[in-house]
Structure formats: C-alpha cells, structure tokens
Amino acid sequence: MTEALIDVPRRVISAVAALGVLAAVIMLTAMSGSTMQPLPASAPAGEFSAERALSHLRKFAAEPRPIGSPAGDRARDYLTTRLRADGLKVQVHRAVGTWSSTGLATFGMVDDIVATLPGTDPTGTVLLAAHYDSAAMGPGASDDGAAVAAMLETVRALRTGAALRNDLVLLISDGEEDGVLGAEAFVREHPLARAGGVLLNFEARGVSGPSLMFETSRNNAGLVAAYADAAPRPRGDSSMAELYRLLRNNTDFTPLTRAGFAGVNFAYIEDSAKYHTAGDSIANLDHGSLQHHGSTMLALARAFGGADLATLPSDHDATYFRIFGVLVTYPASLVWPLAAAAVVALAVLTLLARRRGITSVPRVVAGAASAIVPLVAAAALAQGLWTVLATWRPAYDAMGGLLHRPLPYRAAVVIMAMLAVLLWYLWARRAIGPVGAAVGALAWPAGLGVLCAQVAPGASFLFTLPALSCAIGGIVAVLLPGSPGARPGRVVAVTLGAVAGAALLPTLAGNVFDGMGLALGGVAALVFALFCLTLLPIAEPALPRPGSRPGRHVAVAVPSIGAVLVLALTGLGLNVNRPGAAAPQRTHLAYVLDADTRTANWVSGDVDPPAWTRRYVTGRDVTALPPGYARGELWTGPAQAIDADGPRVSVLSRAGDTVTLRVAAGRGARSLTLRLDHPITSVTAAADGMRAVTAAVTGTRARTWPGEIRFRGIPSRGARITLKIPGTRTARLTAIAETDGFTAVPGFVPRPPELVASTREDGELVAVIRTYVI
C-alpha cells in the first residue's frame with residue numbers, strides 16, 4: 001500500500017507551499033506573543049508608563065538588596081515614603097519568617113511593607129504582591145524590582161481616577177529569595193492575610209519577554225474570564241499552570257494561596273541567563289516587559305477592584321490559550337470530550353483510509369508503535385548534545401543550561417528532531433506505507449491528550465487539538481472525490497488540519513527552552529518531533545513517489561547534511577557564547593576563616609574554575625577547612641586571615657534531645673548558618689520582641705553534614721534557637737557567620753567583566769566559622 005493521503009501533479013511545489021503556510025502560522029504566532037511598546041513619562045495620567053516606573057526603579061534597584069542588608073533597608077524606606085505620599089496607609093510588618101526543606105530549616109528577620117487603599121463599598125480585598133529583596137548576587141531589577149516599581153506606578157494611575165469599590169492591599173514582601181519568608185510571616189501573623197480575596201502576584205525569571213500568566217489557584221474559571229476581558233494583551237496558557245503545579249518551585253504566590261486567596265501569578269522568563277546574577281540590572285531590563293507587567297497589573301487592579309468579588313468563585317478550572325492573537329477559553333467539562341473526539345476522529349480516519357484501500361489497521365498500528373523511535377531519538381540526541389556541551393564547557397552546567405545566546409544550539413536541537421523524524425519516515429513509508437505511518441503517528445498527540453486529560457487537564461489542549469484537527473483534515477482529504485480537480489482540495493484540507501499544531505506545538509517547545517534551558521533540551525526536542533509527526537502528509541509530496549527506493553546518495557545525503565548543519569550551529573553557538581562582558585560566565589568563590597585556628601582559605605565549587613578564580617584556588621585539598629563547612633567537591637587555596645569577630649553560640653538549656661542555644665553572628669555579619677553532624681527534626685527560632693516560630697524538618701542534607709539551620713538578616717543581638725536532635729546526647733555544630741562581598745579581604749582583585757558571581761547560596765561571602773560540641 002504505497003498510495004499517499006494526497007497526491008498532486010506538482011508534488012514539490014505543493015509541499016513547499018503547504019509548509020510555507022505553516023511556517024507563516026508559526027511566525028504569526030511568535031509575533032503575536034511579543035511584549036508592549038513602552039509608554040513615555042508624558043503618557044496620559046490614567047495610563048501605565050514604563051518610563052515613570054523606571055524613575056522609581058532607579059531609586060531602589062541599582063544594587064543588591066538581600067534580606068537584612070543596608071541596601072534592603074534603603075529600599076524599604078524609599079518604598080514606604082512613596083506609598084505614604086500617594087495617600088496609602090502604610091505599615092512595616094516586622095517578623096521572623098520560616099521555611100523548611102530536606103534537612104534544612106531557614107529563618108529570616110523580614111520587614112514586609114503592607115499598604116492599604118480602602119474601597120468605597122468593598123465586596124472583598126484585592127491583594128497586589130511582589131517582593132523588594134533581591135538575590136545577593138545581583139540588583140534584581142527584574143526579580144522583582146520591576147514589579148515593585150510597577151506597583152508604585154499602578155497606585156499613582158489608580159489615584160487619578162474614581163476610587164475603587166474594593167479594598168486594595170499592597171504586599172511588598174521581604175525575604176522571598178531565601179524561601180518566601182516574608183509572605184510566610186504575613187500569612188501567619190497579619191490579620192489582612194486571614195481576610196482572603198483576590199491575589200495578583202508578579203515575578204520575573206529573566207529580563208525580557210511578555211508578562212505571562214503562568215500560575216493560577218485551583219478552580220480558576222472566574223479569574224481566567226476576568227483576565228481575558230480586562231488584560232490589554234493576555235499572555236500565557238493553562239499548560240503553564242498545570243506544569244507549575246507539578247514542580248517544587250514556589251513564589252510568594254504559594255503561601256498566599258494556601259492561606260485562602262484565589263489568584264493569578266505573572267512573570268516574564270526570556271533571557272533568563274541573567275536571572276539571579278549581576279546581569280539582572282536596569283540596563284538589561286526590557287522596557288517593553290516592564291510596560292506589559294504594569295499595564296496588566298493596572299488593568300486587573302481596576303477590573304477586580306470594581307468587581308463583585310463574591311461572583312468570582314468557580315467549581316472548575318478553565319483551559320485557556322492564545323491563538324492568532326485571541327485568548328481562547330473553555331471549561332474543564334470539555335477537556336475529556338475533546339480528548340475523546342480526537343481519538344474517535346483518528347479511528348474514523350483509519351477506517352476510511354482502509355476502506356479506500358490506501359492502508360490497513362495493522363499498518364496504522366505499526367506506524368503508531370514505531371513512531372516512538374523518532375520521539376526517543378530526538379530527545380536522546382538533544383540530551384547528548386547538552387552532555388557534550390557541558391563537558392566541553394563546564395561553565396554551561398553552572399548556568400543550568402540557561403545561556404546568553406542559545407539560538408544556535410536551539411536551532412541544532414530542532415534540526416536533530418526533524419532529522420530523527422525524517423529518517424524514521426523514510427523507512428516507515430517503505431515498510432508500512434505513507435498513510436499507515438502518517439495516520440499511526442497521530443496516535444501520539446491523541447494519546448498524550450488523553451493522558452493529560454487525566455493528570456494535567458489544562459495541558460490537554462496542546463495535544464488534543466492538533467490531533468483532532470489533523471484527523472479531521474485527513475478525513476476531509478479521504479472523503480473528497482478522487483478526480484484530479486479535487487486533489488488540490490485535499491492539500492488544502494490536510495494543510496488546514498495542521499494549522500492547530502503549527503500554532504501550538506512550536507510555541508510550547510519555545511516555552512520549554514525558555515523555562516528549562518538546554519539542560520532539559522530533550523523535552524523541547526520531543527515536543528518539536530511530535531509537531532513534525534503531524535506534518536508527514538504535507539511533507540510527503542516533497543519525497544520520491546511512494547514505492548520507489550531512494551538512491552544510496554539520498555540515504556547518505558540526508559543525515560550528512562543534517563549532521564553538518566548541527567555541527568555548524570554548535571560551532572556557532574560555542575563562538576557567540578564565548579565568555580565576555582555581553583555573555584559573562586558564572587564562577588563561585590567564597591572566603592572561609594576558621595576563627596578557632598585563625599586559618600583562612602579561598603573556596604570554589606566550580607567544576608573547572610576560570611583563570612581569575614584560579615588566582616585564589618589551587619587544588620582539591622579540603623582538610624584545612626573547618627569541619628562541616630564543605631558541601632560537595634571544592635577547590636581551595638590559602639588566604640590571608642582577616643580581623644573578624646566570628647559567630648558565638650552558647651547552650652542555654654538541654655532537656656533530653658532538645659537543646660536551646662543563644663546564637664549571634666558577630667560584627668557586620670548579615671546571616672548565620674549552623675550545621676550539625678546529626679539530623680534535626682524540629683527547630684524553633686525567637687528574636688527579641690518577635691514571636692517564636694517553629695519549622696519541622698525531615699530528611700538530611702546531601703553532600704555535607706545532615707542538619708542545617710539558616711537565619712538570614714539575623715539581629716545584631718542574636719537569636720534563640722531551640723532544636724531537637726533525636727538519638728544523641730552530644731553533637732558537633734559548626735557556626736558560619738556570613739558577610740556579603742570581599743571588600744574586607746586583603747589583596748582581593750575584583751572580577752573581570754566576563755565573569756559574574758554564581759547563584760550558589762554560599763558564594764560571594766566572607767564566612768567566619770567556629771566549631772562547638774553541644
């Protein structure tokens with residue numbers, strides 16, 4: 001059975017034209033996903049202006065401002081002053097926040113800014129949330145300064161118009177970067193957190209791109225409908241929300257929604273190589289991204305601020321996605337019917353093709369079974385490319401695969417996916433027949449649509465709609481009369497059937513690249529290979545007629561050309577991603593002083609330290625480091641001891657396996673870390689004048705001592721720590737006082753412009769250590 005689903009006299013021209021239409025669909029979809037044109041300071045008073053927001057951003061986001069830092073205090077003071085000047089009631093909520101993970105309890109002294117604007121006839125509360133602290137390695141102009149500046153500009157714009165019906169609360173939290181500490185403290189202690197309402201949280205994981213609604217609370221149908229009506233350029237889709245629910249990542253959105261708020265979460269995620277580094281600066285911020293963030297914030301604040309919030313609750317999630325500039329939504333009740341319709345349409349296509357005599361059911365089954373080969377091959381080739389790149393340039397791994405100029409590598413991954421599908425199809429069309437292979441391949445998007453309907457309903461559309469559309473296009477092509485005049489109609493039918501896949505699947509692959517980077521490039525490759533499977537009937541006319549064996553030169557030329565392109569693109573990627581001021585490499589460095597022995601060392605966790613870092617580290621000997629400090633494999637080198645107080649720990653009481661300590665970090669230190677050589681199960685922290693908070697701990701830390709406690713922004717007078725160490729009467733404890741930067745270290749030479757501090761939490765720190773037995 002060698003007959004194709006479509007056949008026309010001018011085969012190649014037909015295939016090129018059809019593929020050109022789909023390429024135009026992909027380009028149109030990409031263009032419709034752009035940001036907004038930034039508005040100048042002269043924009044109308046009632047509109048959001050990126051330039052006006054930038055004037056605030058320059059005042060507080062020009063330097064790193066981690067929790068407990070002087071820069072953080074300056075940012076807090078600026079923000080509270082501006083909000084009070086705009087007529088809001090402002091409170092600084094000071095508390096100890098907490099967060100725990102495997103073997104680790106984290107605490108932090110947070111200063112949350114809570115500002116309120118009462119409504120005229122409130123039906124509830126609208127909570128705008130963002131965080132003003134940054135990672136210690138960079139100024140956080142995007143993460144999350146842009147959102148905070150947008151809040152100030154949004155408040156100004158709101159004050160120019162009619163008062164809102166509902167209460168507006170601004171939560172500008174502290175300590176988000178160290179474990180959503182500020183939001184946790186707000187939820188636990190502040191009365192406004194118990195009021196509930198609608199939450200609008202804004203974040204960033206890059207420095208450019210559209211503001212995406214990437215997360216929602218459960219039963220989001222009412223929120224999605226309001227977003228679709230109010231947002232000037234809605235972006236994002238329900239698959240992002242489903243994926244984020246499966247991940248362990250969190251933002252302030254997590255504790256706030258757990259406290260009862262119904263909400264939506266926004267972020268822009270492109271150019272994420274600069275995330276949590278010195279590159280997250282005002283100079284690198286895309287003004288269009290700020291405009292999109294702020295315009296969305298203002299529109300939703302007005303919409304929810306004027307709505308009857310009691311009408312928003314829903315009993316189901318909505319599926320939503322953008323196609324050709326239109327945000328499409330439908331209820332959860334349609335997810336399973338659509339998934340089933342795709343399967344039924346595929347079955348109908350199979351039976352019609354069998355009746356026409358162009359394939360058989362066993363051939364379609366064989367096509368479906370064998371189509372797993374190109375999917376697995378595409379993913380494996382992409383992951384193999386990443387392994388080669390990370391081995392060749394270990395610095396790539398330190399960036400998590402989020403590179404400054406990833407486009408050549410992404411193109412190489414796409415070509416490998418196309419090549420995997422093409423080589424499989426060249427075999428399958430001879431062994432199975434072109435129709436059996438093409439129809440059978442559609443079983444994969446149809447099957448994934450059913451799987452997602454069960455485990456991630458909001459993502460089902462990504463696979464169900466392309467499978468359903470392609471199957472319908474195939475059915476129309478089969479049913480059209482077989483006269484030569486009808487043949488162009490078959491091409492049109494199959495091409496239109498592939499439009500849904502062209503609009504959805506390449507965009508999904510791009511989002512995967514942006515969100516996960518090349519380190520998980522296999523996922524993006526698999527998605528693109530899936531898209532290529534939907535194109536087989538369209539690409540078929542470009543190949544030799546069914547039944548004819550391609551010459552040996554074709555069998556050799558196709559993979560050879562593909563391999564050459566991949567190698568050329570890889571070489572281009574290596575060249576454009578050479579370390580430089582525009583594409584800086586990350587490196588880890590810390591200064592470690594053992595205050596008990598007055599021995600100092602430089603430490604780096606880099607796999608292959610660059611030349612600048614090797615000025616300080618010379619080998620792998622960690623025996624000179626204090627016990628319990630090392631985490632993973634390290635490079636070390638001798639350093640000159642500095643004059644520093646160091647941490648202090650004293651035992652206040654002990655009862656069984658519970659010990660209460662008084663701890664202090666010492667002069668100038670911002671944070672204190674305690675590591676124990678035994679597991680811990682519970683930690684309570686108390687600071688003077690603050691409520692004590694308790695964190696339950698399970699499991700043990702990896703590649704270091706099993707128990708760890710962190711107190712970020714620890715007060716100068718110290719804190720009281722009560723910990724439970726089951727199963728032992730004595731334990732060793734290493735106390736690490738941490739100060740940002742190396743200005744106090746003699747002989748330190750600043751990094752060259754082609755290097756930035758890595759995102760490892762113990763980097764760019766002076767660590768002064770004492771060891772105790774408790």
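## Cores, a buried threonine and a helix pair

Threonine 106 is part of strand 2 (residues 104-117); strands (E, at least two residues) and helices (H or I, at least four) are DSSP runs, numbered from the N terminus. This is a predicted model, in which local features need pLDDT of at least 70 and side-chain atom pairs count only at pLDDT 80 or more, while totals for chains, interfaces and linings use all residues. Residues are numbered from 1 along each chain as its sequence is written, and side-chain values use heavy atoms, with hydrogens and water left out.

Threonine 106 has a relative accessible area of 1% and is therefore buried (under 20%, with a 1.4 Å probe and protein chains only). Setting aside residues up to four places away in sequence, its contacts include Trp99, Asp178 and Arg710 (heavy atoms within 4.5 Å).

Two nonpolar cores are listed below; such a core is a set of buried Ala, Val, Leu, Ile, Met, Phe, Trp, Tyr and Cys residues joined through side-chain atoms within 4.5 Å.

| Core | Size | Residues, among them |
|---|---|---|
| Largest | 92 residues | Val413, Trp424, Leu533, Leu536 |
| Another | 63 residues | Ala150, Val155, Leu164, Leu327 |

Leaving aside neighbours within four places in sequence, leucine 533 is in contact with Ala371, Pro374, Leu375, Val421, Trp424 and Ala441.

Helix 11 (residues 361-370) and helix 15 (residues 434-441) also meet. Arg363, Val364, Gly367 and Ala368 of helix 11 make the contact with Gly436, Ala437, Val439, Gly440 and Ala441 of helix 15.

Notes:
Buried means under 20% relative accessible area, exposed over 50%, partly exposed in between (1.4 Å probe, protein chains only). Axes are lines fitted to C-alpha atoms, for helices over the stretch in contact, and angles run from 0 to 180 degrees between N-to-C directions.
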